Amino acid sequence: MALDFAARIHALTGFDADSENNTETDDDFDESTAQWMTDATREVVNILPPLLKEKCTTETTLNHSATTIDLDTLGGEVLYVNRLSADSGGSRIPCRKVPSMYGELSNDSNSLYKASETDPVYWILSSGDAAILNVIPTPTENQTAIVYHVGYPTFVAGGSGTYDVSVATSIPNFPDEAEYLVVLRAAITAAEYLLAIEEDVELYGPVLTSLRAQYQEGVYALQSGQFAPQKKDVRIAQEGT
């Protein structure tokens with residue numbers, strides 16, 4: 001039976017990851033674990049090679065009621081955009097990305113950057129602290145555009161759902177071969193917390209050294225396209241604890 005994420009972190013570090021009791025910083029143990037898993041997932045996603053990052057893809061639809069989108073609300077980077085070419089019977093056409101400085105020219109019939117239903121474009125306009133993604137021709141109720149982008153999951157504590165750290169045993173929309181790195185990275189933060197609170201370098205120093213070494217080796221193996229044997233080490237640590 002697969003262990004949930006909180007149990008795996010507990011096994012690797014001794015941190016009581018699924019407890020609802022308060023930590024020394026007045027957060028519940030499981031709430032701290034949820035935050036560390038969220039942060040760890042974001043970090044791992046950002047270092048994934050392109051082919052694995054595509055496994056983290058999610059989508060946002062633009063239509064007549066939401067023709068543009070603030071990139072801050074998307075979370076991760078935009079991978080690609082497509083647009084439906086007709087009200088009915090059309091195809092989803094990939095959108096060309098136009099440099100921001102030429103974005104307005106996509107509406108100019110005399111411009112090289114002119115867009116059409118069969119040759120749509122998208123561009124990003126920075127306005128204040130917002131970066132707005134625009135699709136031309138403007139999406140409509142029937143001719144929608146879809147923005148495919150990297151998604152970052154948010155873990156919770158006590159929710160009993162897909163991302164509850166005391167229940168979940170896998171991460172949806174995430175490459176299986178990188179999942180153990182998320183656990184290792186969250187475990188590193190848990191061990192750092194224990195070291196800071198307990199101040200027992202003799203106990204937690206070797207734990208941190210081992211976790212950091214496994215994490216760095218796993219990152220290298222993943223980015224170089226090699227099989228990462230450290231995944232086995234994580235299971236051994238769990239079973240032997």
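This is a predicted model: local features need pLDDT of at least 70, side-chain atom pairs count only at pLDDT 80 or more; totals for chains, interfaces and linings use all residues.
Local features need pLDDT of at least 70 and side-chain atom pairs count only at pLDDT 80 or more, while totals for chains, interfaces and linings use all residues. Residues are numbered from 1 along each chain as its sequence is written, and side-chain values use heavy atoms, leaving out hydrogens and water.

Start with the helices. Two packed helices are described by the angle between their axes and the distance between the axes. Axes are lines fitted to C-alpha atoms, for helices over the stretch in contact, and angles run from 0 to 180 degrees between N-to-C directions.

Helix α2 (residues 29–47) packs on helix α5 (residues 176–198) at about 130°, with the axes 8 Å apart. The two are therefore oblique to each other. Angles under 35 degrees count as roughly parallel, over 145 as roughly antiparallel, 65 to 115 as roughly perpendicular, and the rest as oblique. From α2, the contact (heavy atoms within 4.5 Å) is made by residues including Trp36, Met37 and Val44. Among those from α5 are Leu181, Arg185 and Tyr193. By class, the residues are 10 nonpolar, 2 polar and 2 charged. Ala, Val, Leu, Ile, Met, Phe, Trp, Tyr, Cys and Pro count as nonpolar, Asp, Glu, Lys and Arg as charged, and the others, Gly among them, as polar.

Next, follow α5 to helix α6 (residues 201–223). Their axes come within 9 Å and cross at roughly 155°. α5 and α6 are therefore roughly antiparallel to each other. This crossing is left-handed. The contact has 17 nonpolar, 2 polar and 5 charged residues.

Now the sheet. It is open, with 4 strands in the order β1-β8-β3-β4 and antiparallel pairing. Strands pair if DSSP finds at least two bridges between them. β1 (57–62) and β4 are the edge strands, each pairing on one side only. Neighbouring strands are turned by 30° against each other on average, direction ignored. Between β3 and β4 there are 3 bridges. Leucine 84 stands opposite arginine 92 in β4.

The loop between β3 (78–84) and β4 (92–94) holds aspartate 87. Not counting residues up to four places away in sequence, aspartate 87 touches Thr140, Asn142 and Gln143. Its side chain makes a polar contact of 3.1 Å with that of glutamine 143. Such a contact is a pair of N or O atoms within 3.5 Å; within protein, one must be able to donate a hydrogen and the other to accept it, and residues adjacent in sequence count only if both atoms are side-chain atoms.

Key: A crossing is left-handed if the near helix is turned anticlockwise from the far one by less than a right angle, and right-handed if clockwise.
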